Amino acid sequence: MTAGALPRPRIFVGRGGILLTANVWGEASSPPLVLLHGGGQTRHAWDRTGPRLAALGWRVIAPDLRGHGTSEWSADGDYSLDLFAGDVRALVAEVGDRPVLVGASLGGLSSLLATGEAPGAAIRALVLVDVAHRPDPRGVHRIVEFMRREPDGFASVGEAAAAVSAYLPHRPRPDDPEGMRNNLRRHDGRWVWHWDPRILDSFEGRMDPPGMADRLLDAARHADVPILLVRGGVSDMVREDIADEFCDRVPTARRVDVAGAGHMVAGDRNEHFLDAIIPFLDGIG
């Protein structure tokens, strides 16, 4: 990242007064765009995306979700989807000016509920990054299995980077594994993932509980904004038939696939991800 692309830190207030740390790029007068990462990630998932979108004229805000990164943890360990949606509503209200929301996985689910259920967040458009109304159970199992590995952490940042590379064999290994440091924190002399481990207590059940698919479809239909579903071409979370069903049942939605990308589309192929969303953003910007 070049010096000119360094973000500005900012604190937002989520539901119930929880403090959310964010990175901000771009001019204060530019139209706002909020980047919401997936479960188990941090705001640094967007470190390459944020400055590029800011250079195109957007004011980009990338927060750590509650329980992730340097945002506060839920005091009672509650990480229900409705709480995340409440945080998105609070963010949108604080940002103002009807932002565009770009939500990956958990960030996308939270954005759908925040926008399409009362009280609906006032946004301009929504980009869902490899998430729809229901996931492929095999993909959910694979993610949860990875998140549950190494509960005692890693001896080094390089060891954590190697674990990620083994989990994502389609992604080129990073030249400098120290970039993984933003996703880790020190605990008892070890490097552990930078999120509250209590999130896992409800993660798997939260991904596709009974009735959730219909609830998310209803929310998407009631959102009444343009929706772009960006699917990873080799995703194990959103199969083609799931993406087709979502777009068939949501009149305002359309879809684009990013070839060679898995569930973490921006992390896998950031330039191709940008190529997929920029025409959509231009159309509503």
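Student: Is I11 buried, exposed or partly exposed?
Tutor: Partly exposed, going by this predicted model. I11 has a relative accessibility of 47%.

Student: Where is I11 found?
Tutor: In strand β1, residues 8-13.

Student: Which residues make the nonpolar surface patch?
Tutor: I11 does, together with V13 and L19. The patch covers about 230 Å².

Student: Switching to aromatics. How many aromatic pairs are there?
Tutor: The count is five. One of them joins F154 and W193.

Student: What is the geometry of F154 and W193?
Tutor: Edge-to-face. The centres are 5.3 Å apart, with 75° between the planes.

Student: Which parts does that pair tie together?
Tutor: F154 lies in the loop between α4 (137-148) and α5 (157-167), while W193 is in strand β8 (residues 190-193). The pair therefore links parts that are 39 residues apart in sequence.

Student: And is F154 buried or exposed?
Tutor: F154 is buried, at 3% relative accessible area. W193 is buried too, at 12%. Both count as buried because the cut-off is under 20%.

Student: Which residues form the aromatic cluster?
Tutor: F154 and W193 belong to it, along with F146 and Y167.

Student: New topic. What volume does the second largest pocket have?
Tutor: About 270 Å³. It is lined by 16 residues. E150, P151, D152, V192 and P197 are the closest to its centre.

Student: Which element gives the largest share of that lining?
Tutor: β8, with three residues. α4 and β7 (184-187) each supply at least two, as does β8.

Conventions:
Residues are numbered from 1 along each chain as its sequence is written. This is a predicted model: local features need pLDDT of at least 70, side-chain atom pairs count only at pLDDT 80 or more; totals for chains, interfaces and linings use all residues. Side-chain values use heavy atoms; hydrogens and water are left out. Rings of Phe, Tyr and Trp (its six-membered ring) pair if their centres lie within 6.5 Å; planes under 30 degrees apart count as stacked, over 60 as edge-to-face and the rest as tilted. Helices (H or I, at least four residues) and strands (E, at least two) are DSSP runs, numbered from the N terminus. Buried means under 20% relative accessible area, exposed over 50%, partly exposed in between (1.4 Å probe, protein chains only). Patches are made of residues with over 30% relative accessible area and no salt bridge: like charges are joined within 9 Å, nonpolar side chains (Val, Leu, Ile, Met, Phe, Trp, Tyr) within 5 Å. Accessible areas come from the Shrake-Rupley method with a 1.4 Å probe; for residues, only the protein chains shown count as cover. A salt bridge is a side-chain nitrogen of Lys or Arg within 4 Å of a carboxyl oxygen of Asp or Glu. On a 1 Å grid over the protein atoms alone, a cavity is a set of points where a 1.4 Å probe fits but cannot get out, and a pocket is an open set with protein on both sides within 12 Å along at least five of seven lines; lining residues have an atom within 4 Å of a point. Grid points are joined across faces, edges and corners, and a volume is the space filled by probe spheres set on the points.
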